[in-house]
Amino acid sequence: MYSIELIVNFIIHPRITVDSIKDKSTLLPASISLVFSMISIILSAHVISGTTRSVSGLLITTVFLLIIGCGAWITLTSFIHLGAEIGGGNGRVTSLLNFTGLSTSPIILLIPISLIIVFLDFRPSIIFFICSIVILIWVCILLMLSISQLYSISMFRSFLLVMSPLYLIPLTVAGIIIAILMIVLLL
Amino acid sequence: MKNKVIPVVLVVLFVLSLISAMYIVLNNRIVKTDGRLSLSRLFKKKSLKQNGVGIVYILGPIYHGSKSPLFSGGRSPDHIIKRLRRLRKRKDIKAIILRINSPGGSVASVQEIYQEIMAIRKEKKIVVASMGDVAASGGYYVAAAADKIVANPGTLTGSIGVIMEMGNFQELFKKIGVKLEVIKSGKYKDSGSPHRSLTQEERKIFQGVINDAYDQFVRAIMDGRNMDKKKVLSFANGRIFTGRQAFERGLVDKLGTKQDAIMFAAKLAGIEGEPRIVEESEPWAHFLTFIENIMPSFPLSYRELREQNRIRLDYILE
C-alpha cells in the first residue's frame, strides 16, 4: 500500500513528496509505476485502434515494450544525471532513477481515458492524441520538478536536462560520424 | 484515514478499467464502422471472435522455388499452403478470402494450391476468390477452386491453357563456334535441348503432355465451378477476358472489390454484421518484395539463361 500511496502522492503533491523521499529508496514504487505505464500504453492503443489480440500476442507485446521501457528508463536517467553533473548539480543517480520511474505514473491514466473516449463515441484518434500530449507534458513537468529539487538547480536547467536526449543523441551521432570522417580523411 | 481512502479508491478504479480494457481487447468487443469505434457489442453474449474471415494473398507468379529464394516473399506454393492450413485449422475462421493478383505459374504449384482449397471447402468453410489486377491462367485455376469468384470489372482473367517454351540457341552456337557433345541413355533424354531443333516425334510427345495438362485444367474448372465440359471448352482457348466479360460468360460470380468479396463471404458463412478480418501473411513479405523490386537486374549468365529455359509446364499468362 505504501507504494500506491507514494505514487498517488507524487502525482498530486510532487514537490512535498520529492522532498520527503529524496534520500529514501523507492525503487519498488518506481518499477510498479513504469510497468503499469507500459501496460497502459499497450492496452489503450489497442482499445483506441479497435485491435483484437490473443492472450499470448498481448503478453509478447507487453514483454517487448517492458524491455524497451526499462532500457529507455536507464538511458534517460544516465543522460540526465550526466547533464546535471556537468551543469553543476549535485545528486545521487539512484534517487534520480526512482524519480524518472515515478514520473511515468500519469501515463496510467491512458486506460480510463481510452475507455471513456470509446464509450462516448468521440472522434477517438484526435481526442486520444490530445490527451496523450497533455499526459506527456505532465510527465515532463513531474520530471523537471524532481530534477530541480534533487540536484538543487533551476527549473529552466532541469527543463534543458529533461530534453537532453532530444539534442544529445543526435549530437553524439553527429560527433561519431565527424570523428569517423576525420579518421578516414586524415589517414 | 482520509489519506488512505483516496489511494484505495484510485487503485480500485484503475484495476477496474484495466480489467475492462483487457476484456475488450481480448474478446473483440469493439466494432469499427466507417472509421468510428463503438462498444455496441460489449453486453452481447456472442463476441466477434467467432466471426472471423481470413485473407490469404496470392501475389505474383507461382513457382516452387522463386527466382531468388531469399526474396521469395512468401509467394511460393509452400508458403501459400502453409497460410491456408493455418486458417483451415482455426475454428473461429468461418470463411477465407483468396486475394489473387497473379498471372499464374507452374502446373504443379498451382495444382497444389487448388487441392488445398478444395480440402478447405470439404470442411464446410466458405472460400471466396477476390481478383485484383490479374488473375489469369494459373491464377484463374486457383480461383476456380473457391466457392465463389468476385472480380473487378477491369480485372484481367481467363487465359485458360497450358504453355511450354523452349529456347533454341543452335544458330548462336554455330556463329560463335561452340559444339555440344551429348551422351544419353535414351533417344528422348535430351528432348527440348536448346542446342538443337525438336524432331517431329518429340514435338508430338510434348503436344501430348500439353494436351494432358490442358485437360487437367479443364477438369479442375469443371469440378471447382460445377460446369459441364462443353461450357468450359467454349472459353478455354487461351484468350483473356476482362472481369465484366468473364462475368457475362459465367467465369466469375460477382463483380466487386475486395471489400465486397469480404462481405459476400461473410454473408455466405452466415456472419451477421461486420466480420473480423484475419490477414495471413508472411512477416517481411512486403518489405522483401519492395527490396526485390528496387534491386538492379544484372545481365544473365549462360547458366542462368539455361536455368530459365529449362522445360517446364506453365499455366501462365504470357
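Me: What makes the span of helix 3 of chain B close to the expected one?
Reply: Helix 3 covers residues 107–122 of chain B and has 16 residues. From its first C-alpha to its last it reaches 23 Å, and 22 Å is expected at 1.5 Å a residue. The expected span is 1.5 Å times one less than the number of residues. Helices here are DSSP runs of H or I with at least four residues, and strands are runs of E with at least two, numbered from the N terminus.

Me: Where do these values come from, and how are residues numbered?
Reply: This is a predicted model, in which local features need pLDDT of at least 70 and side-chain atom pairs count only at pLDDT 80 or more, while totals for chains, interfaces and linings use all residues. Residues are numbered from 1 along each chain as its sequence is written, chains are lettered from A and ligands numbered from 1 in the order in which they are written, and side-chain values use heavy atoms, with hydrogens and water left out.

Me: Which residues of helix 3 of chain B are buried?
Reply: Among them are Val107(B), Val110(B), Ile113(B), Tyr114(B) and Ile117(B). Ser109(B) and Glu116(B) are on the list too. Buried means under 20% relative accessible area, exposed means over 50%, and partly exposed lies in between, with a 1.4 Å probe and protein chains only. Just after this helix, Lys124(B) takes a positive phi of about 65°.

Me: What does Ile113(B) touch, leaving aside neighbours within four places in sequence?
Reply: Its contacts are Ile58(B), Ile62(B), Pro77(B), Ile80(B), Ile81(B), Leu84(B) and Val142(B). Contact means heavy atoms within 4.5 Å.

Me: What makes a set of residues a nonpolar core?
Reply: The members are buried Ala, Val, Leu, Ile, Met, Phe, Trp, Tyr and Cys residues, joined through side-chain atoms within 4.5 Å. The largest such core has 52 residues. Leu84(B), Leu98(B), Ile113(B) and Val142(B) have the most contacts inside it. Its largest share, 8 residues, comes from helix 6 (residues 200–225) of chain B. Another core lies apart from it, with 24 residues, including Ile21(A), Ile80(A), Ala84(A) and Leu96(A).

Me: Why is strand 6 of chain B called largely enclosed?
Reply: Because 9 of its 11 residues are buried, strand 6 is largely enclosed by the rest of the structure. Strand 4 (residues 93–102) of chain B is mostly covered, with 8 of its 10 residues buried.

Me: How do you know that strand 4 and strand 6 of chain B pair?
Reply: Pairing takes at least two bridges found by DSSP between two strands. Strand 4 and strand 6 (residues 126–136) have 7, in the parallel sense. Ile97(B) is bridged to Val128(B), and Ile100(B) to Met131(B).

Me: Which other strands of chain B pair with these two?
Reply: Strand 3 runs parallel to strand 4 and is joined to it by 8 bridges. There, Ile58(B) has Ile100(B) as its partner. Strand 7 (residues 148–151) pairs with strand 6 over 4 bridges, again parallel.

Me: Why is Gly256(B) called buried?
Reply: Its relative accessible area is 9%, so Gly256(B) is buried. It lies in the loop between strand 10 (254–255) and helix 9 (258–268) of chain B. Not counting residues up to four places away in sequence, Gly256(B) touches Val150(B), Ala151(B) and Asn152(B).

Me: Why is Asn51(B) called buried?
Reply: Asn51(B) has a relative accessible area of 7%, so it counts as buried. Its place is the loop between strand 2 (36–38) and strand 3 (52–59) of chain B. Pro275(B) is 224 residues away in sequence, yet 5.5 Å away in space, C-alpha to C-alpha.

Me: Is Thr17(A) buried or exposed, and why?
Reply: Buried, because its relative accessibility is 6%. Thr17(A) sits in helix 2 (residues 14–21) of chain A.

Me: Why is Cys70(A) called partly exposed?
Reply: Its relative accessibility is 34%, so Cys70(A) counts as partly exposed. Cys131(A), at 22%, is also partly exposed.

Me: How many disulfides are there over all chains?
Reply: The search of the whole structure finds 0. A disulfide is a pair of cysteine sulfur atoms within 2.5 Å.
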